[in-house]
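Here are my notes on the model you sent over. Have the coordinates open while you go through them.

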Amino acid sequence: MKIVHDIKSLREFLQDKKNIGLVPTMGYLHEGHLSLVNEAKKISEHVVMSIFVNPLQFGPNEDFDRYPRDFDRDCQMAQDAGADVVFAPSVSEMYPDKSFTTVHVSSVTERLCGASRPGHFDGVATVVSKLFHIVQPTYAFFGLKDAQQVAVIQQMVNDLNFPVKIIPCPIIREKDGLALSSRNVYLSPEEREQALVLSQSLKEARRFIEEGERDIRAVINHIRSLIGSKPLAEIEYVEVLSYPSLQTLKRLEGRFIIALAVKFGKTRLIDNLIMSLQEVS
Ligand code: AMP
């Protein structure tokens, strides 16, 4: 597996390559990231994984400095999973001069993490645009763990005619249901135990809806009371919106997302469930 740190060398290496699959990550890899490489290998000839903790998408009081990093371990895992290239630029390689261009996607960024992390999706859309221009992939693979991110990137690709096909991939979970995340390492054993309430409450919500519940308030209240029963959990949001447009719904209909963000101490976890009423009726 090739490891490249600068844009020029990556471009030279990829110059004559076709059918490239890009897997953008911030590193500290886990099975969730590796599942994207797996999906990429199925349909791409060359799999490029980028590893870049993008300062632009972190707010001033967020965890950019303490975000977990282990580059050697990441490279070993990426290689074992079958990636062909790891592209790991420094911050100064990606942002050498003051930049005056930001990609801003409106509407789908207004709710959920877009509301609670101002500027976050500008940072995401801007860095992903740069990666698309640098790598020029045929496909790009994103996890539905970050379902709003998938909606934002798909909207950007549609609006700006990027010649790339976005492939959304399913959420990978621990055996007990906790969605894999690089941030799970921050959790104390007690927090880790209580964090199970995220996936459990989504499961409960699904059951509720399968049994005929159509009132969004009732679904949200049910989830809120389950999460509220965990003393270390602090709810940031519990929302039910249309997916992928992420608009308010009066009643459950069509395809929708139940999305959660919950803090345990300083650790912010997200999880979601996307479903449609056709599945249950
Ligand atoms: P990150 O390194 O957190 O920026 O994530 C890089 C990519 O991996 C994003 O597309 C995420 O949605 C995806 N990802 C992270 N965790 C998971 C997971 N548990 N299951 C599936 N994809 C994931």
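1. Which backbone atom lies 2.9 Å from an oxygen atom of the ligand? A backbone N or O atom of Met26 does. That is a polar contact (a pair of N or O atoms within 3.5 Å; within protein, one must be able to donate a hydrogen and the other to accept it, and residues adjacent in sequence count only if both atoms are side-chain atoms).

2. Before going on, some ground rules. This is a predicted model, where local features need pLDDT of at least 70 and side-chain atom pairs count only at pLDDT 80 or more, while totals for chains, interfaces and linings use all residues. Residues are numbered from 1 along each chain as its sequence is written, and side-chain values use heavy atoms, with hydrogens and water left out.

3. A polar side-chain atom of His33 lies 2.9 Å from a ligand oxygen atom, and a polar backbone atom of Gly143 is 2.9 Å from an oxygen atom of the ligand. On its own the ligand exposes 480 Å², and the protein buries 93% of that (accessible areas by Shrake-Rupley with a 1.4 Å probe).

4. The space the ligand takes is the largest cavity. A cavity here is a set of points, on a 1 Å grid over the protein atoms alone, where a 1.4 Å probe fits but cannot get out. Helices (H or I, at least four residues) and strands (E, at least two) are DSSP runs, numbered from the N terminus.

5. In the shell, 17 residues surround the ligand, and the closest are Met26, His33, Asp146, Ile172 and Leu180 (the cut-off is a heavy atom within 4 Å). By class the shell has 9 nonpolar, 6 polar and 2 charged residues; Gly counts as polar in this scheme.

6. Two backbone spots to look at. The peptide bond from Tyr243 to Pro244 is cis, with omega near 10 degrees, and Pro244 is in the loop between β7 (233–242) and β8 (255–264). Leu112, in helix α5 (residues 112–116), has a positive phi near 50 degrees in a non-glycine residue.

Definitions and conventions: On a 1 Å grid over the protein atoms alone, a cavity is a set of points where a 1.4 Å probe fits but cannot get out, and a pocket is an open set with protein on both sides within 12 Å along at least five of seven lines; lining residues have an atom within 4 Å of a point. A molecule sits in a cavity or pocket if more than half of its atoms lie within 2 Å of its grid points.
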